[in-house]
Amino acid sequence: MTARIALVTGGTGGIGSAIVKRLAALGHKVATNYRDEAKAKTWQAHLKSQGVDAAIVPGDVSSPETAEKLVHGVEKQLGAIDILINNAGITRDTTFHKMSALQWQEVINTNLNSCFNVTRPVIEGMRNRKWGRIIQISSINGQKGQYGQANYAASKAGMHGFTISLAQENAKFGITVNTVSPGYVATEMVMAVPEDVRNKIAAQIPIGRLGEPDEIAYAVAFFVNDEARWITGANLAINGGQYMGW
Ligand code: CAA
């Protein structure tokens, strides 16, 4: 496989870390962004102790200005970005009738507007070089909705709308654009759901357990592969069978 340069946003999180490790194991040079320098440095050192080199670049994906700076930071450290994984995401769960404008905006800015903010400064280079891979990490809850997640589900459904439009516009340029929609994976985000609620959700998963981050990273590596060049505009559900839309 050709070694490429990859940016995984939110790479220090549960699913993000697994994606960074997988892409690095395939020989790609991988970077992620951070907002908290001390936390990112600890994360980087931890990966290093496992034999994984990852570049870290400051930058918040939720604003166009900081996202552009972070893209330039990655280009400076590693070179032009061939693979972009829009993975950064947050939750602000609450039922809609109690939701504040801030809880709505924070989630839309970080999960959905970030796709514009980070992809916009990356896409022209990919088009010029005639090769690119862009993958949105969406969610089962963007496909089925979730009680308490009107903001999150809207952002995650929007990510796939972004995927299928970008896929059409960039197909002729050797760029594929796909979505991966994880179900409930055992990360800090899911473990923050109250235990009783989480247990009820886990009971709805036919495979009988929460997912593991690397089970999501596996699919990301699949889409990134050169041989996946005819797959674009897809939305791959990986959720232990909890939601089987088609
Ligand atoms: N369907 C129908 N009714 C529900 C319900 C559901 N799924 N969940 C809760 N309710 C009902 C409750 O039974 C309760 O009804 P009563 O008042 O009649 O008893 C009422 O709604 C209020 O429920 P709560 O007591 O839970 O209300 P709350 O305000 O304390 O909390 C909540 C609401 C924040 C939504 C909480 O239920 C919650 O955290 N739910 C989980 C949300 C979730 O799945 N988040 C995923 C985070 S991880 C992630 O997002 C990653 C990913 O991509 C999968």
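## Ligand contacts

In this predicted model, the side chain of Gln146 has an N or O atom 3.4 Å from an oxygen atom of the ligand, a polar contact (a pair of N or O atoms within 3.5 Å). For Lys98, a side-chain N or O atom is 3.0 Å from a ligand oxygen atom. Tyr152 places a polar side-chain atom 2.6 Å from an oxygen atom of the ligand.

The ligand is surrounded by 18 residues, each with a heavy atom within 4 Å of it. Asp93, Ser139, Tyr147, Tyr152 and Tyr184 are the closest.

## Helices H4 and H6

H4 (residues 101-129) and H6 (residues 150-170) pack at about 15 degrees, with axes 8 Å apart; axes are lines fitted to C-alpha atoms over the stretch in contact, and angles run from 0 to 180 degrees between N-to-C directions. H4 is therefore roughly parallel to H6 (angles under 35 degrees).

Residues in contact (heavy atoms within 4.5 Å) include Trp104 and Phe116 of H4 and Tyr152 and Phe162 of H6. By class, this contact has 13 nonpolar, 7 polar and 3 charged residues.

## Helices H3 and H4

H3 (residues 64-77) packs against H4 at about 45 degrees, with their axes 8 Å apart. The two helices are therefore oblique to each other. Pro64, Ala67, Glu68, Val71 and Glu75 of H3 meet Asn117, Val118, Pro121 and Val122 of H4.

## Basis

Residues are numbered from 1 along each chain as its sequence is written, and side-chain values use heavy atoms, without hydrogens or water. Local features need pLDDT of at least 70 and side-chain atom pairs pLDDT 80 or more, while totals for chains, interfaces and linings use all residues.

Technical notes. Helices (H or I, at least four residues) and strands (E, at least two) are DSSP runs, numbered from the N terminus. Angles under 35 degrees count as roughly parallel, over 145 as roughly antiparallel, 65 to 115 as roughly perpendicular and the rest as oblique. A polar contact is a pair of N or O atoms within 3.5 Å; within protein, one must be able to donate a hydrogen and the other to accept it, and residues adjacent in sequence count only if both atoms are side-chain atoms. Ala, Val, Leu, Ile, Met, Phe, Trp, Tyr, Cys and Pro count as nonpolar, Asp, Glu, Lys and Arg as charged, and the others, Gly among them, as polar.
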